[in-house]
Amino acid sequence: MNAVTSGLIPYHTFTLGNGLRVYVHEHHATPIVSVNLWYHVGSRNERPGRTGFAHLFEHLMFEGSRNVPHGQFDALLEEAGAINNGSTNPDRTNYWETLPSTALELGLYLEGDRMGGLLDALTQRELDAQRDVVKNERRQSYENRPYGLASETMLATLYPPMHPYHWPTIGSMADLDDAELEDVQQFFRTYYVPGNATLAVAGDVRADDVERLVSKWFGDIPAGGAIPDIIVPPMIAGDSAVVLEDSVQLPRLYLAWHTPALYARDDAELDIAARALGDGKASRLFRSLVYESQVAQSVSSYQSSASLGSTFRIVITARQGVALGALRDTAIAAVNEMARNGITQRELDRARNGLETGFIDALQNVGGFGGRADQLNHNVFYAGDAGYADHDMARYKAVTTERVGAAVHKYLLQPCVTLSVVPRGEAQLAVPA
C-alpha cells in the first residue's frame with residue numbers, strides 16, 4: 001500500500017490483482033464513511049443504434065444481484081442508516097453510499113456483489129421494467145418538458161453523428177426500444193469490471209481495514225478484457241443556426257463553441273470568462289439584458305468541461321415576444337469585447353472566490369457528489385492523479401485578466417452553434433439561419 005500524506009485529500013492507495021484501483025482517505029472527524037465507485041464508462045462508450053446503455057445500468061444496478069434479492073439493496077442500506085445514489089454522464093458512471101463507519105463492510109459487500117453478480121439477476125422482465133422507467137424519465141425530462149429537447153438538439157448540431165458526444169446520456173427512444181437482453185449483458189461484461197473501475201473510500205476508517213474488506217468482496221471478481229478504444233472523428237467547423245419550435249411561452253437562445261477538455265490549457269480561463277459574462281446578477285450579460293434593457297428574463301453562461309473536449313455555452317431566455325436576433329448580437333458583442341480587453345481584476349476575483357468557495361464547501365463532506373471520496377475518483381479519472389485537487393485550485397489562482405482575454409479570443413471568435421427555441425408558430429422570433 002502506498003501513501004500520499006500531503007495535499008487537500010491525503011490518501012492511501014493499493015491495487016487488487018484483478019486491476020481494481022482503490023483510494024482510502026482517513027478522516028476521523030465524524031463516525032461516517034463513504035464508499036464511492038466509479039466505472040469508467042458513460043454514453044461516450046456507446047455507439048449509434050445502441051445508446052442509453054450506461055444510464056440504463058444506473059437503474060438496473062439497484063434492482064438486485066446474485067446475493068441481494070430485488071428491492072433489498074436500498075432496504076439493507078436504509079436499515080443501517082445509510083443513503084446512496086448514482087449518476088451517469090458522457091464520461092463515467094458513479095455509485096456511492098454514505099454509511100455509519102460501522103457499516104463499511106455492508107457498503108463494500110453490496111458494491112462487490114453487483115459488480116460480480118449483477119448479470120445473475122438480470123432477466124428480460126427486469127430489463128423491460130427498467131427500460132420503461134427510463135423511457136418515462138426521458139418523456140418527463142425531454143419530450144414533455146419546456147426546452148427539454150434543446151440539449152439533445154445542441155449535441156446533435158455540435159458533434160458529427162459518429163462522435164461520442166453526439167447523443168444524450170439518456171439515449172434515444174428507438175435505441176431503448178431496440179435494446180436486446182444480450183446486447184445489454186455484453187455491455188456490462190465489457191465495461192463493469194474491476195479493471196475499468198476505481199473505488200474511493202473516505203471517512204472514519206483505517207486503510208488496513210479497507211484493504212482487507214475490499215480484497216474480501218472484490219478480490220475474486222475477474223478483471224475483464226481490454227476496453228475498446230474510443231474513436232473521435234474530426235469536428236465540423238462552421239457557424240450553424242437551428243430553430244426548434246416548442247410548447248414554451250418565452251423564446252430562448254443557446255450559443256455554443258468548442259473549447260479545450262477539462263484540465264487542458266485555457267479550460268480554467270474559460271471557466272472564469274463564463275462567470276464574468278453570464279453567471280449571476282453582477283455578470284455583464286445579466287446587467288445588460290435583464291437590468292438595463294430589460295429584454296431578457298434570465299442569462300447564464302458556463303464552460304461545460306468534459307474529457308474529450310468541452311463546450312462554452314451562453315443561454316438567454318427572452319421576455320415574451322422579444323426576437324432572439326438582437327440578443328445574439330448583444331451576446332456576441334460582449335464576447336468580442338472580452339476578447340479584445342479581457343476582464344477586470346474585480347471580475348476575476350469574484351469568479352475565483354466563487355469557485356474556491358464551492359470547491360472547499362464540497363470537501364466538508366466525505367460522501368455525496370463532490371465530497372472527498374467522489375473528488376478522489378474524479379481526479380483519478382480526469383487527471384490521472386488522485387491528489388490533483390491541489391493543482392485544480394492552483395490553476396485558477398494562476399489565471400490573469402490578460403489570459404482570460406486571450407482564451408476568449410482564441411476559442412470564442414471561432415464558429416458558433418446557435419439554437420433558437422421559440423413558441424410554436426412564432427418562428428419569426430428565431431435568429432435567422
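The model is a predicted one, so local features need pLDDT of at least 70 and side-chain atom pairs count only at pLDDT 80 or more, while totals for chains, interfaces and linings use all residues. Residues are numbered from 1 along each chain as its sequence is written, and side-chain values use heavy atoms, with hydrogens and water left out.

**Largest pocket**

- A pocket here is an open set of points on a 1 Å grid over the protein atoms alone, with protein on both sides within 12 Å along at least five of seven lines; a cavity is a set where a 1.4 Å probe fits but cannot get out, and lining residues have an atom within 4 Å of a point.
- The largest pocket holds about 1,100 Å³ of space, where a volume is the space filled by probe spheres set on the points, and grid points are joined across faces, edges and corners.
- Its lining runs to 47 residues, and L262, Q303, S304, S305 and H378 are the ones nearest the centre.
- Elements giving two or more residues to that lining include strand 5 (83–88), helix 5 (150–158), helix 9 (267–278), strand 10 (296–304) and helix 13 (372–383). Helices (H or I, at least four residues) and strands (E, at least two) are DSSP runs, numbered from the N terminus.
- Helix 12 supplies the largest share of the lining, five residues.

- By class, the second largest pocket is lined by 11 nonpolar, six polar and one charged residues.
- L60, E63, G64, L118, A121, L122 and E126 line the largest cavity; by class they are four nonpolar, one polar and two charged residues.

- Seven strands make up an open sheet in the order 1-2-3-7-4-6-5, with mixed pairing. Two strands pair if DSSP finds at least two bridges between them.
- Strand 1 (2–4) and strand 5 are the edges, each pairing on one side only.
- On average, neighbouring strands of this sheet are turned by 15° against each other, direction ignored. The axes are lines fitted to C-alpha atoms, for helices over the stretch in contact, and angles run from 0 to 180 degrees between N-to-C directions.
- Strand 3 (residues 21–26) pairs with strand 7 (residues 197–203) in the parallel sense, over six bridges.
- V22 sits opposite L199 in strand 7.

**Aromatic pairs**

- There are 21 aromatic pairs, counting rings of Phe, Tyr and Trp (its six-membered ring) whose centres lie within 6.5 Å; planes under 30 degrees apart are stacked, over 60 edge-to-face and the rest tilted.
- W38 and Y382 make an edge-to-face pair, 6.4 Å centre to centre with 90° between the planes.
- That pair links distant parts of the chain, with W38 in strand 4 (residues 32–39) and Y382 in helix 13, 344 residues apart.
- W38 is buried at 1% relative accessible area, and Y382 counts as buried at 16%. Buried means under 20% relative accessible area, exposed over 50% and partly exposed in between (1.4 Å probe, protein chains only).
- F57 and Y192 form a tilted pair, 5.1 Å centre to centre and 45° between the planes.
- F57 is in helix 1 (residues 53–60) and Y192 in the loop between helix 7 (181–191) and strand 7, so this pair ties together parts that are 135 residues apart in sequence.
- F57 is buried at 0% relative accessibility, and Y192 is buried at 1%.
- One aromatic cluster takes in Y39, F53, F57, F62, F73, Y95, F187, F188, Y191 and Y192.

**Positive phi**

- Y263 isn't a glycine, yet it has a positive phi of about 75°.
- Y263 lies in the loop between strand 9 (252–259) and helix 9, and is buried with a relative accessible area of 14%.
- Q294, also not a glycine, has a positive phi of about 55°; its place is the loop between helix 10 (284–292) and strand 10.

Methods
Nonpolar A, V, L, I, M, F, W, Y, C, P; charged D, E, K, R; others polar.
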